[in-house]
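Here is a short briefing for a first look. Keep the sequence and the 3D view side by side.

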Amino acid sequence: MIDDFLAGDLTEVEAAVRAAAAAEIMPRHRQLAAHEIVEKNGPHDLVTIADRLAEEHLTASLSRLLPGSVVVGEEAVHADPKVYEALGGEAPVWIVDPVDGTRQFVRGETGFCTLVALAHRGELLASWTYAAALDEMAVAVRGRGATLNGAPIRSGSPAPDAVLRVAMSHPDYTTDAQKQALLGLRTEGIDARPCGSAGLEYLAVARGDLDALAFNWEYAWDHAAGLLLVTEAGGAQATMSGAPFRITGGNDLPFTAARDRATADRILAALRTGA
């Protein structure tokens, strides 16, 4: 079933992602009322009516495209944490973050995107990263490479003597222990800054505009699409133990995604000095 689907016309998935954004997200960009923005776990963890309605839209459309599949969406898991267990099940799973970069969306900025990934038995198979406000659609399919607006992209490698540009977990989202590990990035040869939308940071690595990422959290909806995008663009990813990141969880954090293996190894070495 899943092999036949991947061999078929995947532009239908792209169309579904675009349609959800056009119907539920963009009409509310810079148009949100106060009652349409809610704190989930604090002032830095927001959800809007656009998040909820876009996820409902995608859940319906993606399920129709691949009968027998299930959807693990950020808002559905917030309502019922058991939904997350489907990542380890036998059914194909759509992993959805309807608005990645909700804080930016709420502020009326353009730095947000919609993330969709398709996985089966814990393995990432395809992903879509759609920055509707920027009109950018990045697609990755396992073994087939990565594209941006239909054109192939490659992550390339930093120059040997270049200062590495790194986006890391935002301090608002880290514990004291996590901040300690990230301090390892405050070293010569690395220019680290807090991340914005995770999905757009992954896209920046995949297109060679950013050298690496270092993240402390492992929610699959934030990372699944981007990890496949980076690796299909020629990049690398690994957790602190050196093992690949698992979307099912239980990873040795922090982890990194980078333009190439040498850069990933360099970031991991720096993180280990801070841990």
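The points below cover a sheet, its helices and some salt bridges.

This is a predicted model: local features need pLDDT of at least 70, side-chain atom pairs count only at pLDDT 80 or more, and totals for chains, interfaces and linings use all residues. Residues are numbered from 1 along each chain as its sequence is written, and side-chain values use heavy atoms, without hydrogens or water.

**The sheet**
- Five strands make an open, mixed sheet, ordered S11-S10-S12-S14-S13.
- Its edge strands are S11 (190-194) and S13 (236-239), each pairing on one side only.
- Strands are DSSP runs of E, at least two residues, and helices are runs of H or I, at least four, numbered from the N terminus.
- Two strands pair if DSSP finds at least two bridges between them.
- S12 (residues 212-215) and S14 (residues 255-258) run antiparallel, joined by four bridges.
- Phenylalanine 215 has phenylalanine 255 in S14 as its bridge partner.

**Packed helices**
- Helix H8 (residues 220-232) packs on the sheet and touches S12, S13 and S14.
- Contact here means heavy atoms within 4.5 Å.

**Salt bridges**
- The count comes to eleven salt bridges, each a side-chain nitrogen of Lys or Arg within 4 Å of a carboxyl oxygen of Asp or Glu.
- Arginine 165 forms one with aspartate 211, with the closest N and O atoms 3.1 Å apart.
- Arginine 165 lies in S10 and aspartate 211 in the loop between helix H7 (198-206) and S12, so the pair ties together parts 46 residues apart in sequence.
- Aspartate 211 is buried at 2% relative accessible area, while arginine 165 is partly exposed at 35%.
- Buried means under 20%, exposed over 50%, and partly exposed in between (1.4 Å probe, protein chains only).

Definitions and conventions. Axes fitted to C-alpha atoms, helices over the stretch in contact; angles between N-to-C directions.
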